[in-house]
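Open your viewer and get ready to select pieces by residue number. We will go from sheet to sheet.

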Amino acid sequence: MTAVAEQAGAWLAEFSAQAKQEKWIQALREAAFDRFSKLGFPTTRDEEWRFTNVAPIARTNWKTQPASGGPIPEAAEQHLGKHAPETAFSALNTAFLDHVHYVEIPRGTVRETPIEITYDAGHAEGAAHHPRTLIVVGAHAQCTVVETYRGQGKYLTNAVTEIVAGEGAVIDHYKVQLESPEAYHVAMLQASLGRNANFSSHSISLGAALARNDAGAILSVGTEATLNGLYIVNGSQHIDNHTVLDHAKPNGASHEVYKGILDGKSSAVFNGRIIVRQDAQKTDSKQTNKNLVLSDNATINTKPELQIHADDVRCTHGATIGQLDSESMFYLRSRGIPKREARSLLIYAFAQDIVDRIKVPSLRESLERQLFEKFHEHGN
Amino acid sequence: MALLEIKDLHATVGGREILRGISLTVNAGEVHAIMGPNGSGKSTLAQVLAGRDLYAITRGSVTYDGQDLLDLDPEERAQAGVFLAFQYPVEIPGVSNMYFLKAALNTVRKAQGLPELDAMDFLDLVRDKMTAMKMDQTLLNRPVNTGFSGGEKKRNEIFQMAVLEPRLAILDETDSGLDIDALKLVSAGVNSMRSPQRSMIVVTHYQRLLSEIVPDFVHVLAEGRIVKSGGKELALELEAGGYAALGIKDEAEAVAR
């Protein structure tokens with residue numbers, strides 16, 4: 001047997017043991033499992049996974065857990081599985097479709113209160129979770145969604161979130177990844193954005209032994225998309241952020257700022273792809289990736305990937321990798337601020353602008369608290 | 001007793017000796033000017049006294065208020081009352097001036113056995129001092145020195161000094177980059193802080209600052225050594241004859257930097 005067939009075989013029993021679902025769901029599941037069986041888990045020979053080795057996920061026999069959320073409503077049929085690109089992981093998620101967190105905001109409705117979705121893996125050693133979220137926002141409707149991922153022990157979270165925004169919709173999306181230090185976290189976020197829609201994604205990654213985020217958005221005419229990210233890794237943690245901003249139509253704008261703080265023997269990957277299609281004239285796109293490396297043993301691989309097929313566009317990108325500025329340290333200390341505190345202050349300052357952009361006060365405050373504790377812990 | 005006693009101080013950076021045997025005694029309440037051409041070691045001396053670890057001390061001693069200053073971390077020196085007004089104040093985006101200065105003041109106060117100030121008390125304290133330096137209060141909410149003009153940065157240094165009330169203030173080329181109005185303002189701020197308990201070391205290339213902040217003593221530094229010491233009239237002598245009159249080469253800035 002090939003490695004791929006072996007992997008699919010290990011999941012087959014789990015897949016077949018599932019209770020049957022409605023016909024359309026069953027069809028989705030089967031097509032997805034078929035796809036997964038053909039693809040198999042990626043290896044570091046795949047360009048998209050060059051720096052992220054998922055062999056530890058591939059060779060573990062995970063025990064699939066029932067998904068959290070509610071039964072899949074009929075209304076979901078139009079969008080479920082229609083937006084997320086089919087990768088081995090997203091296919092596997094779809095193969096285990098069972099429950100979803102389904103958010104639907106009717107046209108013209110403004111939801112003031114943030115919708116909070118928590119995926120808590122609990123404490124089931126060796127469990128595989130396939131959280132699925134579908135957010136459908138009607139024309140000129142507005143909402144804020146906060147997805148939080150947490151758990152204890154060693155488990156796999158393989159999440160897929162699909163977002164569909166109608167014309168002029170405004171969506172503020174937060175993903176807070178606080179998985180356990182032993183956990184594996186793979187997540188795909190894909191947004192299909194309508195004309196003049198405004199989408200902001202904030203991705204905060206603090207946990208997991210290995211985490212891979214794929215965040216993508218397809219923009220229409222006059223769409224504005226913002227991707228903000230903050231990743232903080234220590235010890236032997238590995239975090240990989242792949243983003244794709246696909247400007248399909250004219251007059252779209254995208255702003256992307258991802259910041260990383262690396263300590264210990266941790267490693268991080270940032271790959272930001274920006275596609276400007278032939279039709280997408282007057283696109284305005286700006287991408288920034290900044291990394292603060294606190295240890296000699298941490299590794300960062302950062303790469304912008306611009307694919308521009310239109311001629312009247314403005315696209316800028318920049319990546320930096322730096323250490324704590326010794327002059328800033330000396331300046332703070334020369335005013336009486338102890339070394340440890342000066343260090344925390346500078347690390348915190350580095351992350352500040354991403355935190356400041358979080359518009360949900362309770363989330364911002366809890367994050368500020370967590371960062372504060374984390375940096376004090378780092379500062380010894 | 002001397003507040004500061006520097007004896008035969010030698011310091012190197014990257015194996016190059018910058019300070020080559022400096023001895024200087026500063027008593028409480030005295031203002032000493034250190035003059036010298038670029039590359040003479042003035043700024044190095046200022047940074048070494050504040051504890052910059054870029055420099056290796058290869059010989060000599062510095063005693064401050066009876067303790068070995070070189071043995072203290074920069075923050076311990078600040079807590080003991082040493083203050084350096086930087087020649088090039090550092091921009092720190094993401095840290096507000098207010099948070100920074102309040103944290104600094106409270107650690108210094110704590111070290112002196114004084115109670116910490118809350119935000120309200122702190123604001124009361126800084127308000128007058130900002131007005132004196134003609135600084136807009138909105139500067140408090142801006143990140144430290146970020147986007148400040150050259151003059152604003154220098155005023156911010158003296159404002160910090162006024163808030164922290166050091167016993168030994170070292171002013172490193174505080175006059176550089178200031179126009180005459182800003183120079184007068186900054187000097188007035190410094191002069192208002194002169195007291196029998198507070199000593200100052202004013203490092204400068206030019207005499208014009210010393211017309212505003214009149215020193216008790218002037219020392220001329222060349223090639224890492226004090227080559228001449230005298231009263232305030234020495235600064236005027238230098239102004240008239242230049243460093244060359246003392247047989248000192250005033251290296252072109254480009255060479256020194």
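Which strands of chain B does helix α1 (residues 42-50) lie across? Select that helix: α1 of chain B lies across β1, β2 and β4 of chain B, at about 70 degrees to β2(B). This is a predicted model, where local features need pLDDT of at least 70, side-chain atom pairs count only at pLDDT 80 or more, and totals for chains, interfaces and linings use all residues. Residues are numbered from 1 along each chain as its sequence is written, and chains are lettered from A and ligands numbered from 1 in the order in which they are written.

Helices (H or I, at least four residues) and strands (E, at least two) are DSSP runs, numbered from the N terminus. Angles run from 0 to 180 degrees between N-to-C directions, with axes fitted to C-alpha atoms, for helices over the stretch in contact. Contact means C-beta atoms, placed from the backbone, within 7 Å.

**The four-strand sheet**

Next, show the open sheet β2-β1-β4-β5 of chain B, with antiparallel pairing. Pairing takes at least two DSSP bridges between two strands. β2 (16-27) and β5 (67-68) of chain B are the edges; each has a single partner strand, so one side of each lacks a neighbour in the sheet. Zoom in on β1 (residues 2-13) and β4 (residues 56-64) of chain B: seven bridges join them. Find B:H10; opposite stands B:R59 in β4(B).

**The six-strand sheet**

Now select β6-β9-β10-β3-β11-β12 of chain B, an open sheet with mixed pairing. Its edge strands are β6 (82-85) and β12 (225-230) of chain B. Click B:V218: the bridge partner in β12(B) is B:G230. Finish on helix α5 (residues 150-164) of chain B, which lies across β6 and β9 (168-172) of chain B.

Conventions: Contact = placed C-beta atoms within 7 Å.
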